[in-house]
Amino acid sequence: MDVFLQQLVNGLTIGMIYALIALGYTMVYGIAQLINFAHGEVFMVGAYFGLFAYSILTPLLSSPGSATLGVFLVFLFAMTLSALLGVVIERFAYRPLRHAPRLAPLITAIGVSFLLQNIIMLVFGPSDKSFPSLIESVTYTAGSVTFTNLQILIAASSVLLMISLHVFIRHSRTGKAMRALADDRDAANLVGVNTNRIISVTFLIGSALAGAGGVMFGMYYNTINFHDGYLAGLKAFTAAVLGGIGNIPGAMIGGLLIGVLEGLGAGYLSSEWKNVFAFFILILILLFRPSGLLGARVVKKV
Amino acid sequence: MLEVSDLYAGHGRIEILKGLSLKVPAGQIVTLIGANGAGKTTSLMTLSGLVPVRKGRIAFEGRTVEKLAPDERVKLGIVQVPEGRRIFSHLTVQENLDLGAYLRSDSDVGKDRAELLELFPILKDRLQQLAGNMSGGEQQMLAMARALMARPRLLLLDEPSLGLAPKMIDTVFQLIRRINQRGITVLLVEQNAWKALEIASYAYVIETGKIKLEGAGKELLSNPVVKQLYLGE
């Protein structure tokens, strides 16, 4: 039971990060019918943006009075630049292929992945970079379970971001346009929704969330590498498929489930095997419930 | 108000419109009738900018609009109610109406919605319902109300009676008349040629992407060719 609760807490923490990345996959798929396989790389670059922001903001972060502001600014910086990166990728890599066969943007996505990985490798070097925790670590104990203030920060800010996203999609004018576009692209165009603009906004939001996830990932594991985006991206993609690709609450639930499963697998079986579980799940879903847990609106009327 | 001259358009290698020309004078109801595959829906989609123009000209109130994006045409007042309703079925009725006014930023949106709910009372009790759960007739009402929320100057209607019960068809045609009385010009595409010719002041018959025949609505009703081919007599 002790192991269970402890691994549940750890799994939920990393699950929050997967959920943030999964949201980008699922939103882009829902609105542009495109699997953006470069999304994991945006997450990885986001972590490096965070590291870069840290190097500039070190004085601010090291003085106790302004440390909170410093952490906030690191997130803001990483999210903003990641968002821009996402918009640029869409504009130059995917938009020209909007009417191309579906395989073309998929291959382009792989190309963009390699490009981003190699840029980061050339700029920051191929070895692991140490990433600071940014906050003074405090450990809490509740019964047999221990958790840190960093885990609380990750969970709280992820939940906050997801709630903001939910409110935005539900109630804002652009959010409604996004849902309309996902529902019926032609009909959305006929009421005056501009497809390109909304797809840009979708990449902007999804990439900002991935950037936030990247910073959290760095803070949690304290080391980042230029190929971290590959595995995390693939797991987040699995999370999106698990929840039902195109379905936003599904991506949130899928991310948490993958994180918890990975945590429990690592706790009960072996942490060496922790990466196997996500892909085992992916295979099971694709075999038995390809529409995912919450089922997505993938069936299009012709 | 609308003048289409020698329009060519199509999908991929298939050319569907082959020199279409027609005129819609302001304030009138003009109808475009024709068999399946003649190019009726493609005509409206080309007017809305969803199918690109290959050759020819579309003038709206003296402006050349064939190069404008769909949203810019909506802004000018060319608004379409597409074939098969195409309401946003996973969104609520209220959200569908809000999206109709997507490009508007004036303060009369709320007033217009209240007015439209008087015109389409069926929608009033269903504002919070998912649009996809409504009947075909209700969805047609919603599709029309959504288009009217954009304050169209020219309303393009594609097969509004398709798949509806006879009583609902009568209601829809009455509504078209009332919409027109409010000063909105209507271009109506219909396979129900009888109803369309009765309501229209002028009518065009399209065949393989070209206008085959034209005349006043009542005139075409008694035209022997139209009678035989489109009215089933």
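This passage looks at how chain A and chain B meet, and then at charged and aromatic pairs in the structure. The model is predicted, so local features need pLDDT of at least 70, side-chain atom pairs count only at pLDDT 80 or more, and totals for chains, interfaces and linings use all residues. Residues are numbered from 1 along each chain as its sequence is written, chains are lettered from A and ligands numbered from 1 in the order in which they are written, and side-chain values use heavy atoms, with hydrogens and water left out.

Start with the place where the chains touch. Here 20 residues of chain A are in contact with 21 residues of chain B, contact being heavy atoms within 4.5 Å. The size of an interface is often given as the accessible area lost when the parts come together. For chain A and chain B the buried area is about 1,900 Å², with 57% of it from carbon and sulfur atoms; this is the accessible area (1.4 Å probe) that two parts lose on being put together, summed over both.

Side chains of opposite charge can pair when their charged atoms come close. Between chain A and chain B there are four salt bridges, meaning a side-chain nitrogen of Lys or Arg within 4 Å of a carboxyl oxygen of Asp or Glu. One of them joins Arg86(B) to Asp184(A), at 2.6 Å from N to O. On the side of chain A that touches chain B, helix H6 (173–183) and helix H7 (185–190) each supply at least two residues, and H6(A) gives the most, with six residues. Helices here are DSSP runs (H or I, at least four residues), as are strands (E, at least two), numbered from the N terminus. Sorted by type, the residues on that side of chain A come out as eight nonpolar, three polar and nine charged. Nonpolar covers Ala, Val, Leu, Ile, Met, Phe, Trp, Tyr, Cys and Pro, charged covers Asp, Glu, Lys and Arg, and the others, Gly among them, are polar.

Over all chains, the whole structure has 20 salt bridges. In one, Glu159(B) meets Lys40(B) at 3.9 Å, N to O. Glu159(B) sits in the loop between strand S7 (154–158) and helix H6 (166–181) of chain B, and Lys40(B) in helix H1 (residues 40–48) of chain B, so the pair ties together parts 119 residues apart in sequence. Glu159(B) and Lys40(B) are both buried, that is, under 20% relative accessible area, with exposed being over 50% and partly exposed in between (1.4 Å probe, protein chains only).

Glu118(B) pairs with Lys124(B) at 2.9 Å between the closest N and O atoms; Glu118(B) is exposed at 54%, while Lys124(B) is partly exposed at 40%. Within it, the closest N and O atoms of Arg104(B) and Asp106(B) are 2.8 Å apart.

Now for the rings. The structure holds eleven aromatic pairs over all chains, counting rings of Phe, Tyr and Trp (its six-membered ring) with centres within 6.5 Å; planes under 30 degrees apart are stacked, over 60 edge-to-face and the rest tilted. Tyr94(A) and Phe203(A) have ring centres 5.8 Å apart and planes at 40°, so this pair is tilted. The pair links helix H3 (residues 67–94) and helix H8 (residues 195–221) of chain A, its two residues being 109 residues apart. Tyr94(A) is buried at 4% relative accessibility, and Phe203(A) is buried at 2%.
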